[in-house]
Amino acid sequence: MKRPRFLRQLQALILHEVDFLTTCGIRHLSCQLAPSTRLVPAPFCRHLSSATDTQPVADVQQRGDHLSITVDGKTFKTSYIWLRDHCRCPECYDHACLQNFVHIAAIPTDIKPKRVTVEADELCLIWPDDHVTTYSMQWLLANAPGQRSSDGADQLQPLYWDRDIVTANPPQDVHIDELRSASRSGLRKCLENLHVYGFTFVSGLEASRESTEEAIKLISSPMRTFYGSIFHYQNDGAVADTGYTSKGLQNHTDGTYFDHNPGGLVLHCIYHDGTGGENTLVDGHAAARRLRAQDPGLYEALRTIPVVGHYRDDVHDFRCYHHTIGHNVLTNQLEHVRYNPHDRRPLNYLSYEDAERFYAAYRALGRIIDSPDNELQTKLQPGRMVVVDNWRLLHGRTAFTGKRVMVGCYLVRDELQDMKRVVANLAV
(Lines give C-alpha, C1' and ligand atoms only; values in the text may rest on other atoms or scores of the structure.)
Protein backbone atom coordinates (compact mmCIF):
# COMPACT_ATOMS: atom_id res chain seq x y z
CA MET A 1 0.00 0.00 0.00
CA LYS A 2 2.93 2.36 0.66
CA ARG A 3 4.25 2.31 -2.86
CA PRO A 4 1.01 3.41 -4.60
CA ARG A 5 0.49 6.17 -2.00
CA PHE A 6 4.05 7.45 -2.49
CA LEU A 7 3.69 7.43 -6.27
CA ARG A 8 0.40 9.31 -6.09
CA GLN A 9 1.94 11.98 -3.88
CA LEU A 10 4.91 12.26 -6.24
CA GLN A 11 2.63 12.58 -9.25
CA ALA A 12 0.49 15.21 -7.54
CA LEU A 13 3.60 17.26 -6.75
CA ILE A 14 4.78 17.13 -10.35
CA LEU A 15 1.32 18.11 -11.62
CA HIS A 16 1.44 21.26 -9.52
CA GLU A 17 4.87 22.17 -10.88
CA VAL A 18 4.55 21.63 -14.63
CA ASP A 19 1.92 21.68 -17.35
CA PHE A 20 3.02 18.57 -19.15
CA LEU A 21 4.50 15.34 -17.84
CA THR A 22 6.74 12.84 -19.41
CA THR A 23 6.13 10.28 -16.72
CA CYS A 24 2.44 10.13 -15.89
CA GLY A 25 -0.26 7.50 -16.51
CA ILE A 26 -1.19 5.23 -13.71
CA ARG A 27 -1.67 1.73 -15.06
CA HIS A 28 -4.98 0.13 -14.12
CA LEU A 29 -4.82 -1.71 -10.76
CA SER A 30 -1.03 -1.43 -10.48
CA CYS A 31 -0.81 2.37 -9.93
CA GLN A 32 2.64 2.48 -11.56
CA LEU A 33 3.89 5.51 -13.47
CA ALA A 34 4.29 5.01 -17.23
CA PRO A 35 5.94 7.18 -19.90
CA SER A 36 4.34 9.06 -22.81
CA THR A 37 1.11 10.03 -21.06
CA ARG A 38 -0.31 13.26 -22.47
CA LEU A 39 -2.00 15.60 -19.99
CA VAL A 40 -4.63 17.91 -21.41
CA PRO A 41 -6.20 20.48 -19.07
CA ALA A 42 -9.97 20.42 -18.42
CA PRO A 43 -12.51 20.84 -19.85
CA PHE A 44 -11.34 18.91 -22.91
CA CYS A 45 -8.99 16.04 -23.53
CA ARG A 46 -8.71 13.83 -26.60
CA HIS A 47 -6.58 10.84 -27.48
CA LEU A 48 -5.51 10.70 -31.14
CA SER A 49 -4.42 7.27 -32.27
CA SER A 50 -1.42 6.83 -34.49
CA ALA A 51 -1.32 4.70 -37.61
CA THR A 52 0.00 1.76 -35.60
CA ASP A 53 -2.25 2.31 -32.57
CA THR A 54 -4.70 -0.59 -32.08
CA GLN A 55 -6.42 0.95 -29.04
CA PRO A 56 -9.90 2.50 -29.39
CA VAL A 57 -10.07 6.23 -30.12
CA ALA A 58 -11.41 8.08 -27.08
CA ASP A 59 -12.84 11.58 -26.78
CA VAL A 60 -13.38 12.90 -23.26
CA GLN A 61 -15.31 16.09 -22.63
CA GLN A 62 -15.26 17.43 -19.08
CA ARG A 63 -18.61 18.96 -18.08
CA GLY A 64 -19.87 20.59 -14.92
CA ASP A 65 -20.80 17.40 -13.08
CA HIS A 66 -19.79 14.60 -15.44
CA LEU A 67 -17.54 13.38 -18.21
CA SER A 68 -18.87 12.83 -21.71
CA ILE A 69 -16.90 9.97 -23.23
CA THR A 70 -16.89 8.86 -26.85
CA VAL A 71 -15.16 5.60 -27.74
CA ASP A 72 -15.13 4.52 -31.37
CA GLY A 73 -18.23 6.57 -32.13
CA LYS A 74 -20.20 5.51 -29.03
CA THR A 75 -20.93 8.31 -26.55
CA PHE A 76 -21.91 7.92 -22.91
CA LYS A 77 -21.53 9.98 -19.76
CA THR A 78 -20.42 9.26 -16.22
CA SER A 79 -20.93 11.51 -13.20
CA TYR A 80 -17.96 12.42 -11.03
CA ILE A 81 -19.59 10.72 -8.04
CA TRP A 82 -19.94 7.54 -10.13
CA LEU A 83 -16.31 7.76 -11.24
CA ARG A 84 -15.10 8.23 -7.67
CA ASP A 85 -17.37 5.50 -6.29
CA HIS A 86 -16.20 2.87 -8.81
CA CYS A 87 -12.47 3.40 -8.30
CA ARG A 88 -10.69 0.07 -8.61
CA CYS A 89 -7.40 0.94 -6.93
CA PRO A 90 -6.35 -1.42 -4.08
CA GLU A 91 -7.46 1.09 -1.43
CA CYS A 92 -10.98 1.38 -2.81
CA TYR A 93 -11.63 -2.13 -4.08
CA ASP A 94 -10.60 -5.51 -2.71
CA HIS A 95 -9.80 -7.62 -5.77
CA ALA A 96 -9.62 -10.84 -3.74
CA CYS A 97 -13.18 -10.67 -2.39
CA LEU A 98 -14.59 -8.29 -5.06
CA GLN A 99 -15.94 -5.77 -2.56
CA ASN A 100 -16.09 -1.98 -2.59
CA PHE A 101 -14.48 0.07 0.17
CA VAL A 102 -15.22 3.60 -0.99
CA HIS A 103 -17.03 5.54 1.74
CA ILE A 104 -19.93 6.43 -0.53
CA ALA A 105 -21.68 8.77 1.93
CA ALA A 106 -18.48 10.80 2.42
CA ILE A 107 -17.99 11.66 -1.27
CA PRO A 108 -18.61 15.43 -1.61
CA THR A 109 -21.71 16.20 -3.66
CA ASP A 110 -19.75 18.68 -5.77
CA ILE A 111 -16.69 16.46 -6.24
CA LYS A 112 -14.78 17.14 -9.44
CA PRO A 113 -11.39 15.86 -10.63
CA LYS A 114 -8.65 18.46 -10.82
CA ARG A 115 -6.92 16.60 -13.65
CA VAL A 116 -8.20 14.27 -16.38
CA THR A 117 -5.85 12.50 -18.77
CA VAL A 118 -6.32 9.95 -21.52
CA GLU A 119 -3.55 7.65 -22.66
CA ALA A 120 -4.17 4.83 -25.10
CA ASP A 121 -6.98 2.77 -23.59
CA GLU A 122 -6.83 4.38 -20.15
CA LEU A 123 -8.64 7.24 -18.41
CA CYS A 124 -6.83 8.72 -15.40
CA LEU A 125 -8.43 11.09 -12.87
CA ILE A 126 -6.68 13.01 -10.08
CA TRP A 127 -9.10 14.02 -7.33
CA PRO A 128 -8.82 17.10 -5.06
CA ASP A 129 -7.28 14.96 -2.27
CA ASP A 130 -4.70 13.64 -4.82
CA HIS A 131 -6.32 10.22 -4.95
CA VAL A 132 -5.76 8.58 -8.36
CA THR A 133 -8.44 6.62 -10.21
CA THR A 134 -7.86 4.87 -13.52
CA TYR A 135 -10.20 3.02 -15.87
CA SER A 136 -9.70 1.19 -19.14
CA MET A 137 -12.09 2.27 -21.87
CA GLN A 138 -13.21 -1.34 -22.31
CA TRP A 139 -14.22 -1.49 -18.62
CA LEU A 140 -16.14 1.77 -18.91
CA LEU A 141 -17.94 0.55 -22.03
CA ALA A 142 -19.07 -2.53 -20.13
CA ASN A 143 -19.95 -0.90 -16.81
CA ALA A 144 -20.76 2.79 -17.17
CA PRO A 145 -24.38 3.91 -16.64
CA GLY A 146 -26.55 2.93 -19.57
CA GLN A 147 -23.97 0.53 -20.98
CA ARG A 148 -25.45 -2.67 -19.56
CA SER A 149 -25.36 -5.16 -22.38
CA SER A 150 -28.21 -7.52 -23.20
CA ASP A 151 -26.77 -10.36 -21.14
CA GLY A 152 -27.69 -13.73 -22.49
CA ALA A 153 -28.79 -12.61 -25.95
CA ASP A 154 -26.58 -15.24 -27.57
CA GLN A 155 -27.16 -18.03 -25.05
CA LEU A 156 -29.77 -20.70 -24.49
CA GLN A 157 -33.20 -19.12 -24.35
CA PRO A 158 -36.27 -20.37 -22.46
CA LEU A 159 -38.73 -22.39 -24.52
CA TYR A 160 -42.22 -21.27 -23.52
CA TRP A 161 -44.24 -24.37 -24.20
CA ASP A 162 -47.67 -25.91 -24.42
CA ARG A 163 -48.43 -29.63 -24.59
CA ASP A 164 -47.70 -30.00 -28.30
CA ILE A 165 -44.45 -28.03 -28.19
CA VAL A 166 -42.98 -29.89 -25.22
CA THR A 167 -44.17 -33.27 -26.52
CA ALA A 168 -42.40 -32.63 -29.82
CA ASN A 169 -39.30 -31.18 -28.12
CA PRO A 170 -38.94 -32.88 -24.70
CA PRO A 171 -35.93 -32.33 -22.45
CA GLN A 172 -33.54 -35.25 -22.44
CA ASP A 173 -33.42 -37.23 -19.19
CA VAL A 174 -30.25 -36.90 -17.13
CA HIS A 175 -28.99 -40.25 -15.85
CA ILE A 176 -27.80 -40.43 -12.26
CA ASP A 177 -24.37 -41.59 -13.51
CA GLU A 178 -24.08 -38.32 -15.46
CA LEU A 179 -24.78 -36.40 -12.27
CA ARG A 180 -22.03 -38.36 -10.51
CA SER A 181 -19.50 -37.42 -13.20
CA ALA A 182 -16.59 -35.28 -11.99
CA SER A 183 -16.92 -33.22 -15.18
CA ARG A 184 -20.32 -31.97 -13.92
CA SER A 185 -21.75 -32.60 -17.37
CA GLY A 186 -24.91 -34.07 -15.87
CA LEU A 187 -25.38 -31.12 -13.54
CA ARG A 188 -24.88 -28.76 -16.46
CA LYS A 189 -27.53 -30.61 -18.44
CA CYS A 190 -29.97 -30.42 -15.51
CA LEU A 191 -29.43 -26.68 -15.18
CA GLU A 192 -29.83 -26.13 -18.91
CA ASN A 193 -33.09 -28.10 -18.90
CA LEU A 194 -34.36 -26.04 -15.98
CA HIS A 195 -33.45 -22.85 -17.84
CA VAL A 196 -34.98 -23.87 -21.15
CA TYR A 197 -38.02 -25.95 -20.10
CA GLY A 198 -38.46 -25.20 -16.42
CA PHE A 199 -38.07 -28.87 -15.48
CA THR A 200 -35.80 -31.87 -15.88
CA PHE A 201 -36.08 -35.59 -15.25
CA VAL A 202 -33.32 -37.58 -13.54
CA SER A 203 -33.45 -41.33 -14.21
CA GLY A 204 -31.56 -44.43 -13.13
CA LEU A 205 -32.26 -43.99 -9.41
CA GLU A 206 -33.08 -46.73 -6.96
CA ALA A 207 -36.59 -46.57 -5.51
CA SER A 208 -35.40 -45.40 -2.11
CA ARG A 209 -35.05 -42.33 0.02
CA GLU A 210 -31.26 -42.73 0.10
CA SER A 211 -30.90 -42.80 -3.69
CA THR A 212 -33.21 -39.79 -4.02
CA GLU A 213 -31.26 -37.85 -1.42
CA GLU A 214 -28.00 -38.60 -3.22
CA ALA A 215 -29.41 -37.31 -6.51
CA ILE A 216 -30.82 -34.18 -4.85
CA LYS A 217 -27.51 -33.29 -3.22
CA LEU A 218 -25.69 -33.74 -6.53
CA ILE A 219 -27.88 -30.92 -7.85
CA SER A 220 -28.29 -28.52 -4.92
CA SER A 221 -28.70 -28.24 -1.16
CA PRO A 222 -32.18 -29.10 0.11
CA MET A 223 -34.14 -26.16 1.50
CA ARG A 224 -35.27 -26.69 5.06
CA THR A 225 -38.90 -25.90 5.88
CA PHE A 226 -41.33 -27.18 8.51
CA TYR A 227 -41.73 -30.22 6.24
CA GLY A 228 -38.05 -30.99 6.87
CA SER A 229 -35.10 -30.90 4.47
CA ILE A 230 -35.93 -34.10 2.58
CA PHE A 231 -39.58 -35.03 2.89
CA HIS A 232 -40.70 -38.63 2.82
CA TYR A 233 -44.48 -38.86 2.76
CA GLN A 234 -47.53 -40.80 1.69
CA ASN A 235 -51.29 -40.40 1.59
CA ASP A 236 -51.84 -40.97 5.29
CA GLY A 237 -52.84 -37.47 6.41
CA ALA A 238 -49.82 -37.21 8.71
CA VAL A 239 -49.51 -33.49 7.84
CA ALA A 240 -52.43 -31.10 7.43
CA ASP A 241 -51.80 -30.68 3.71
CA THR A 242 -53.70 -32.08 0.73
CA GLY A 243 -50.40 -33.39 -0.61
CA TYR A 244 -50.66 -36.01 2.12
CA THR A 245 -54.03 -37.25 0.86
CA SER A 246 -55.28 -39.12 -2.22
CA LYS A 247 -57.13 -36.09 -3.59
CA GLY A 248 -56.42 -34.57 -6.95
CA LEU A 249 -54.56 -31.25 -6.90
CA GLN A 250 -55.09 -28.37 -9.31
CA ASN A 251 -51.98 -27.07 -11.02
CA HIS A 252 -50.30 -24.73 -8.57
CA THR A 253 -47.11 -23.14 -7.25
CA ASP A 254 -45.72 -24.57 -4.01
CA GLY A 255 -44.88 -22.49 -0.94
CA THR A 256 -46.89 -19.37 -1.79
CA TYR A 257 -47.20 -18.85 1.98
CA PHE A 258 -43.41 -18.47 2.35
CA ASP A 259 -41.69 -15.10 1.89
CA HIS A 260 -38.69 -17.07 0.61
CA ASN A 261 -40.66 -18.97 -1.99
CA PRO A 262 -38.85 -22.22 -2.95
CA GLY A 263 -36.95 -21.91 -6.19
CA GLY A 264 -37.18 -25.58 -7.03
CA LEU A 265 -39.21 -28.67 -6.21
CA VAL A 266 -38.04 -32.29 -6.43
CA LEU A 267 -40.51 -35.22 -6.56
CA HIS A 268 -39.81 -38.95 -6.77
CA CYS A 269 -42.52 -41.60 -6.48
CA ILE A 270 -40.80 -44.63 -4.94
CA TYR A 271 -43.92 -46.78 -4.50
CA HIS A 272 -47.52 -46.91 -5.73
CA ASP A 273 -49.79 -49.95 -5.69
CA GLY A 274 -52.95 -48.29 -7.01
CA THR A 275 -54.32 -46.41 -9.99
CA GLY A 276 -54.34 -42.74 -10.94
CA GLY A 277 -51.90 -40.22 -9.54
CA GLU A 278 -50.77 -38.87 -12.91
CA ASN A 279 -48.58 -35.80 -12.48
CA THR A 280 -49.17 -32.63 -14.49
CA LEU A 281 -46.86 -29.79 -15.44
CA VAL A 282 -47.81 -26.40 -16.91
CA ASP A 283 -45.48 -23.64 -18.10
CA GLY A 284 -46.69 -20.76 -15.93
CA HIS A 285 -44.60 -18.21 -17.81
CA ALA A 286 -46.16 -19.29 -21.11
CA ALA A 287 -49.61 -19.00 -19.50
CA ALA A 288 -48.88 -15.51 -18.16
CA ARG A 289 -47.51 -14.36 -21.51
CA ARG A 290 -50.67 -15.62 -23.18
CA LEU A 291 -52.83 -13.72 -20.69
CA ARG A 292 -50.87 -10.53 -21.34
CA ALA A 293 -51.39 -10.93 -25.10
CA GLN A 294 -55.12 -11.51 -24.60
CA ASP A 295 -55.80 -8.80 -22.03
CA PRO A 296 -52.98 -6.55 -20.73
CA GLY A 297 -55.34 -5.08 -18.13
CA LEU A 298 -55.96 -8.44 -16.49
CA TYR A 299 -52.24 -9.20 -16.56
CA GLU A 300 -51.53 -5.88 -14.84
CA ALA A 301 -54.15 -6.64 -12.20
CA LEU A 302 -52.25 -9.79 -11.22
CA ARG A 303 -49.05 -7.73 -11.04
CA THR A 304 -50.53 -5.18 -8.66
CA ILE A 305 -53.35 -6.72 -6.60
CA PRO A 306 -51.97 -8.55 -3.55
CA VAL A 307 -52.70 -12.13 -2.60
CA VAL A 308 -52.19 -13.65 0.84
CA GLY A 309 -50.79 -17.17 0.71
CA HIS A 310 -51.65 -19.04 3.87
CA TYR A 311 -50.81 -22.27 5.66
CA ARG A 312 -52.17 -23.04 9.11
CA ASP A 313 -52.29 -26.07 11.37
CA ASP A 314 -52.20 -26.65 15.12
CA VAL A 315 -48.65 -25.31 15.47
CA HIS A 316 -47.99 -23.14 12.38
CA ASP A 317 -49.43 -20.00 10.84
CA PHE A 318 -47.46 -19.05 7.70
CA ARG A 319 -48.50 -16.09 5.57
CA CYS A 320 -46.92 -14.39 2.56
CA TYR A 321 -48.19 -11.21 0.94
CA HIS A 322 -47.33 -11.35 -2.73
CA HIS A 323 -48.48 -10.74 -6.30
CA THR A 324 -49.53 -13.58 -8.58
CA ILE A 325 -47.22 -12.26 -11.31
CA GLY A 326 -43.86 -10.70 -10.49
CA HIS A 327 -41.30 -8.91 -12.65
CA ASN A 328 -37.55 -8.59 -12.22
CA VAL A 329 -36.84 -5.19 -10.67
CA LEU A 330 -33.87 -4.58 -12.99
CA THR A 331 -34.99 -5.94 -16.36
CA ASN A 332 -38.77 -5.64 -15.81
CA GLN A 333 -39.12 -9.07 -17.40
CA LEU A 334 -41.53 -11.71 -16.13
CA GLU A 335 -39.79 -13.49 -13.26
CA HIS A 336 -42.31 -15.53 -11.32
CA VAL A 337 -45.86 -16.83 -11.38
CA ARG A 338 -47.24 -17.68 -7.92
CA TYR A 339 -50.59 -19.27 -8.57
CA ASN A 340 -52.12 -21.46 -5.90
CA PRO A 341 -55.92 -21.65 -5.69
CA HIS A 342 -55.65 -23.93 -2.63
CA ASP A 343 -53.60 -21.76 -0.26
CA ARG A 344 -55.33 -18.36 -0.22
CA ARG A 345 -56.80 -16.40 2.67
CA PRO A 346 -60.23 -14.76 2.27
CA LEU A 347 -60.10 -11.56 0.24
CA ASN A 348 -61.29 -9.40 3.14
CA TYR A 349 -58.32 -7.07 2.67
CA LEU A 350 -59.51 -5.96 -0.78
CA SER A 351 -62.15 -3.45 -1.70
CA TYR A 352 -65.20 -4.73 -3.58
CA GLU A 353 -63.84 -3.25 -6.82
CA ASP A 354 -60.35 -4.72 -6.41
CA ALA A 355 -61.78 -8.11 -5.46
CA GLU A 356 -63.82 -8.16 -8.68
CA ARG A 357 -60.77 -7.17 -10.74
CA PHE A 358 -58.75 -9.86 -9.02
CA TYR A 359 -61.36 -12.55 -9.70
CA ALA A 360 -61.60 -11.60 -13.36
CA ALA A 361 -57.80 -11.77 -13.77
CA TYR A 362 -57.18 -14.84 -11.59
CA ARG A 363 -59.93 -16.81 -13.28
CA ALA A 364 -58.68 -15.84 -16.74
CA LEU A 365 -55.18 -17.06 -15.87
CA GLY A 366 -56.67 -20.19 -14.29
CA ARG A 367 -58.56 -21.06 -17.47
CA ILE A 368 -55.31 -20.90 -19.45
CA ILE A 369 -53.49 -23.00 -16.85
CA ASP A 370 -56.28 -25.60 -16.70
CA SER A 371 -56.53 -26.02 -20.47
CA PRO A 372 -55.46 -29.57 -21.45
CA ASP A 373 -53.70 -28.00 -24.44
CA ASN A 374 -51.19 -26.38 -22.07
CA GLU A 375 -50.63 -29.33 -19.76
CA LEU A 376 -48.00 -32.05 -19.89
CA GLN A 377 -49.23 -35.19 -18.14
CA THR A 378 -46.89 -37.94 -16.98
CA LYS A 379 -46.94 -40.55 -14.25
CA LEU A 380 -43.87 -40.55 -12.05
CA GLN A 381 -42.37 -44.00 -11.80
CA PRO A 382 -39.92 -45.41 -9.24
CA GLY A 383 -36.39 -44.65 -10.44
CA ARG A 384 -37.26 -41.39 -12.26
CA MET A 385 -37.52 -38.12 -10.35
CA VAL A 386 -38.52 -34.70 -11.62
CA VAL A 387 -36.95 -31.34 -10.72
CA VAL A 388 -39.20 -28.33 -11.29
CA ASP A 389 -38.49 -24.59 -11.41
CA ASN A 390 -41.10 -23.52 -8.85
CA TRP A 391 -40.95 -19.87 -9.95
CA ARG A 392 -41.97 -20.81 -13.48
CA LEU A 393 -43.80 -24.14 -13.63
CA LEU A 394 -47.06 -25.18 -12.02
CA HIS A 395 -47.63 -28.78 -11.06
CA GLY A 396 -50.56 -30.93 -9.98
CA ARG A 397 -51.81 -34.50 -9.90
CA THR A 398 -54.93 -36.52 -10.46
CA ALA A 399 -56.67 -38.37 -7.63
CA PHE A 400 -55.47 -41.91 -6.99
CA THR A 401 -56.16 -45.13 -5.17
CA GLY A 402 -53.86 -47.30 -3.10
CA LYS A 403 -50.71 -46.41 -1.23
CA ARG A 404 -48.41 -43.87 -2.85
CA VAL A 405 -45.04 -43.04 -1.28
CA MET A 406 -43.09 -39.94 -2.31
CA VAL A 407 -39.65 -38.51 -1.57
CA GLY A 408 -38.77 -34.95 -2.40
CA CYS A 409 -37.58 -31.55 -1.24
CA TYR A 410 -37.52 -27.87 -2.01
CA LEU A 411 -34.47 -26.10 -3.46
CA VAL A 412 -33.26 -22.58 -2.76
CA ARG A 413 -33.57 -20.31 -5.80
CA ASP A 414 -30.37 -18.38 -4.99
CA GLU A 415 -28.34 -21.59 -5.17
CA LEU A 416 -29.96 -22.67 -8.43
CA GLN A 417 -29.29 -19.28 -10.02
CA ASP A 418 -25.71 -19.32 -8.74
CA MET A 419 -25.06 -22.73 -10.31
CA LYS A 420 -26.69 -21.70 -13.59
CA ARG A 421 -24.17 -18.86 -13.82
CA VAL A 422 -21.10 -20.77 -12.61
CA VAL A 423 -21.66 -24.32 -13.92
CA ALA A 424 -23.81 -23.72 -17.02
CA ASN A 425 -22.45 -20.25 -17.86
CA LEU A 426 -25.95 -18.81 -18.18
CA ALA A 427 -26.64 -15.09 -17.77
CA VAL A 428 -29.58 -15.26 -15.37
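Contact in these legends means heavy atoms within 4.5 Å. The model is predicted: local features need pLDDT of at least 70 and side-chain atom pairs count only at pLDDT 80 or more, whereas totals for chains, interfaces and linings use all residues. Residues are numbered from 1 along each chain as its sequence is written, and side-chain values use heavy atoms, with hydrogens and water left out.

**View 1. Overview of the protein chain.** The chain holds 11 helices and 26 strands; helices (H or I, at least four residues) and strands (E, at least two) are DSSP runs, numbered from the N terminus. Of its 428 residues, 49% are buried, where buried means under 20% relative accessible area, exposed over 50%, and partly exposed in between (1.4 Å probe, protein chains only). Among contacts with a separation of 6 or more, 69% are between residues 24 or more positions apart. The accessible surface comes to about 21,000 Å², and carbon and sulfur atoms account for 50% of it. Accessible areas come from the Shrake-Rupley method with a 1.4 Å probe, and for residues only the protein chains shown count as cover.

View 2. A nonpolar core is a set of buried Ala, Val, Leu, Ile, Met, Phe, Trp, Tyr and Cys residues joined through side-chain atoms within 4.5 Å. The largest such core has 26 residues, and Leu179, Ile219 and Met385 have the most contacts inside it. At least two residues each are supplied by α5 (176–180), α6 (185–196), α7 (209–219), β17 (264–272), β24 (384–389), β26 (404–411) and α11 (413–422). Apart from neighbours within four places in sequence, Ile219 is in contact with Leu179, Leu187, Cys190, Val202, Met385, Val387 and Met419.

**View 3. The four-stranded open sheet around β25.** The 4 strands follow the order β16-β25-β18-β23 with antiparallel pairing; two strands pair if DSSP finds at least two bridges between them. At the edges stand β16 and β23 (375–378), each of which pairs on one side only. From one strand to the next the twist averages 20°, with axes taken as lines fitted to C-alpha atoms (for helices over the stretch in contact) and angles running from 0 to 180 degrees between N-to-C directions. His395 in β25 has His252 standing opposite.

**View 4. Burial of strand β25.** All 5 of the 5 residues of β25 (residues 393–397) are buried, so the strand is largely enclosed by the rest of the structure. Leu393, His395 and Arg397 point one way from β25, while Leu394 and Gly396 point the other way. Helix α8 lies across β18 and β25, running at about 45° to β18.

**View 5. Helix α10 and its surroundings.** Helix α10 (residues 352–370) comprises 19 residues and reaches 26 Å from its first C-alpha to its last, close to the expected 27 Å. The expected span is 1.5 Å times one less than the number of residues. Its buried residues are Ala355, Phe358, Ala361, Tyr362, Ala364, Leu365, Gly366, Ile368 and Ile369. An α-helix has 3.6 residues a turn, so residues three or four places apart point the same way. The buried residues of α10 are covered by elements including β16, β18, α8 (284–294), α9 (296–304), β19 (306–312) and β25.

View 6. The 3 strands have the order β9-β10-β11, and their pairing is antiparallel. The edges are taken by β9 (115–119) and β11 (132–136), each with a single partner strand, so one side of each has no neighbour in the sheet. On average, neighbouring strands of this sheet are turned by 15° against each other, direction ignored. Strand β10 (residues 122–126) pairs with β11 in the antiparallel sense over 5 bridges, and Thr133 in β11 is the bridge partner of Leu125. In the loop between β9 and β10 lies Ala120, which has a positive phi of about 55° although it is not a glycine.

**View 7. Leu98 in its loop.** Most residues other than glycine have a negative phi. Leu98, not a glycine, has a positive phi of about 55°. It lies in the loop between β7 (93–94) and β8 (99–100). Leu98 is exposed, with a relative accessible area of 58%.
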